[in-house]
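This report looks at aromatic and charged side-chain contacts, together with the accessibility of the residues that take part in them.

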Amino acid sequence: QKQLVESGGGLVQPGESLTRSCAASGFSLDSYKIGWFRQAPGKEREGVSCTDSEGEAYYSESVKGRFTISRDNDANTVYLQMNNLQPEDEGVYLCAADRGFSGPYTMCATLARSGHVEVWGQGTLVTVSL
């Protein structure tokens, strides 16, 4: 059974950092595109960052320059380093994996509107507050 297990959520103060992890089990991430999405109350799901197996990455304008997506194929894990977190970054963060889509931007844009993907992580809450 394919699963994505997330860790690294929590409560931080504005300006602080968090690293989210998304570990795959039951399959290898090598040939998958991976994305991080966030869902805030009352807002549409946003594709925060997506990457392909060759390292090409897409970032939404709201996180560009602050967030970094990376993957460790040996560990079968994808990471999202989030720096200078702000209250508007709050939400449930989910990772997703899929072998389709033409590229990282397409993955992020498509899954922001549609939830159809091979594997979703369970989602964890990130809270940014004093």
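Does Tyr58 count as buried, partly exposed or exposed? At 23% relative accessibility, Tyr58 counts as partly exposed, where buried means under 20% relative accessible area, exposed over 50% and partly exposed in between (1.4 Å probe, protein chains only). Tyr105, at 51%, counts as exposed.

The model is predicted, so local features need pLDDT of at least 70 and side-chain atom pairs count only at pLDDT 80 or more, whereas totals for chains, interfaces and linings use all residues. Residues are numbered from 1 along each chain as its sequence is written, and side-chain values use heavy atoms, with hydrogens and water left out.

The structure holds three aromatic pairs, defined by ring centres of Phe, Tyr or Trp (its six-membered ring) within 6.5 Å, with planes under 30 degrees apart counted as stacked, over 60 as edge-to-face and the rest as tilted. Among them, Phe27 and Tyr32 have ring centres 4.8 Å apart and planes at 55°, so this pair is tilted; Phe27 and Tyr32 are both buried. Tyr58 and Tyr105 form an edge-to-face pair, 5.2 Å centre to centre with 75° between the planes.

Seven salt bridges are counted, each a side-chain nitrogen of Lys or Arg within 4 Å of a carboxyl oxygen of Asp or Glu; the table gives some of them.

| Salt bridge | N to O distance |
|---|---|
| Arg38 and Glu46 | 2.9 Å |
| Glu61 and Lys64 | 2.7 Å |
| Asp89 and Arg66 | 2.7 Å |

Asp89 and Arg66 are both buried, and salt bridges that share partners join Arg38, Glu46, Arg66 and Asp89 into one network.
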